[in-house]
Amino acid sequence: NVSRYIDIIAQTIPNTILLREIKYQPLKTQIKKNKLILVNEKNILVKGIAKSNEDFLKLVTNLKKNDWVKNVTIVKYGKEKTINSSFELLIQILNE
């Protein structure tokens, strides 16, 4: 199912948005020697660059419409040195 979810995310991305990273069950903290590795279970982290605020908001809205999505959280959104905005989204997956 995860590969299907990632495929749906990729199909939802407008041309004005560039994906930089998609991680399934991303790490909660950095890996440290002799420490437990903690992950955000049932989450997908999406990072990218948006040329258009409108398309970014449309992406978030469209992701929320999927029946497998519990919630979409905007972790980070802000202007870079260019006119583009970088973003991070955390997509919570419903229990399967």
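Colleague: What are the ground rules?

Modeller: This is a predicted model, with local features needing pLDDT of at least 70, side-chain atom pairs counting only at pLDDT 80 or more, and totals for chains, interfaces and linings using all residues. Residues are numbered from 1 along each chain as its sequence is written, and side-chain values use heavy atoms, with hydrogens and water left out.

Colleague: Why is Ser85 called buried?

Modeller: Buried means under 20% relative accessible area, exposed means over 50%, and partly exposed is in between (1.4 Å probe, protein chains only). Ser85 has a relative accessible area of 1%, so Ser85 is buried.

Colleague: Where does Ser85 sit, and what does Ser85 touch?

Modeller: Ser85 is in strand 4, residues 85-93. Strands are DSSP runs of E with at least two residues, helices are runs of H or I with at least four, and both are numbered from the N terminus. Contact means heavy atoms within 4.5 Å. Leaving out residues up to four places away in sequence, Ser85 touches Gly48, Ile49, Ala50, Asn53, Tyr77, Gly78, Lys79 and Glu80.

Colleague: And Asn1, what makes that one exposed?

Modeller: Asn1 comes out at 55% relative accessibility, so Asn1 counts as exposed. Asn1 belongs to the segment before helix 1 (2-12).

Colleague: How do you know whether Val69 is buried or exposed?

Modeller: Val69 has a relative accessible area of 8%, so Val69 is buried. Val69 lies in strand 3, residues 69-79. Among the residues that Val69 touches are Leu63, Ile91 and Leu94, again not counting residues up to four places away in sequence.

Colleague: What makes Glu21 and Lys23 a salt bridge?

Modeller: A salt bridge needs a side-chain nitrogen of Lys or Arg within 4 Å of a carboxyl oxygen of Asp or Glu. The side chains of Glu21 and Lys23 meet at 3.1 Å, N to O, and form a salt bridge. Glu21 is at 25% relative accessibility, so Glu21 counts as partly exposed. Lys23 is at 40%, so Lys23 counts as partly exposed too.

Colleague: How many salt bridges does the structure hold?

Modeller: There are 2 salt bridges. Glu88 forms one with Lys47, the closest N and O atoms being 4.0 Å apart. That pair links distant parts of the chain, with Glu88 in strand 4 and Lys47 in strand 2 (residues 43-50), 41 residues apart. Both Glu88 and Lys47 are buried.

Colleague: How do you know that strand 3 and strand 4 pair?

Modeller: Two strands pair if DSSP finds at least two bridges between them. Strand 3 and strand 4 are joined by 9 bridges and run antiparallel, so by that rule they pair. Within strand 4, Phe87 is the bridge partner of Tyr77.

Colleague: What makes strand 1 and strand 3 edge strands?

Modeller: The 4 strands form an open sheet in the order 1-2-4-3, with antiparallel pairing. Strand 1 (17-24) and strand 3 each pair on one side only. From one strand to the next, the twist averages 15°.

Colleague: Which strands does helix 2 lie across?

Modeller: Helix 2 (residues 53-64) lies across strand 1, strand 2, strand 3 and strand 4, running at about 165° to strand 3. Axes are lines fitted to C-alpha atoms, for helices over the stretch in contact, and angles run from 0 to 180 degrees between N-to-C directions.
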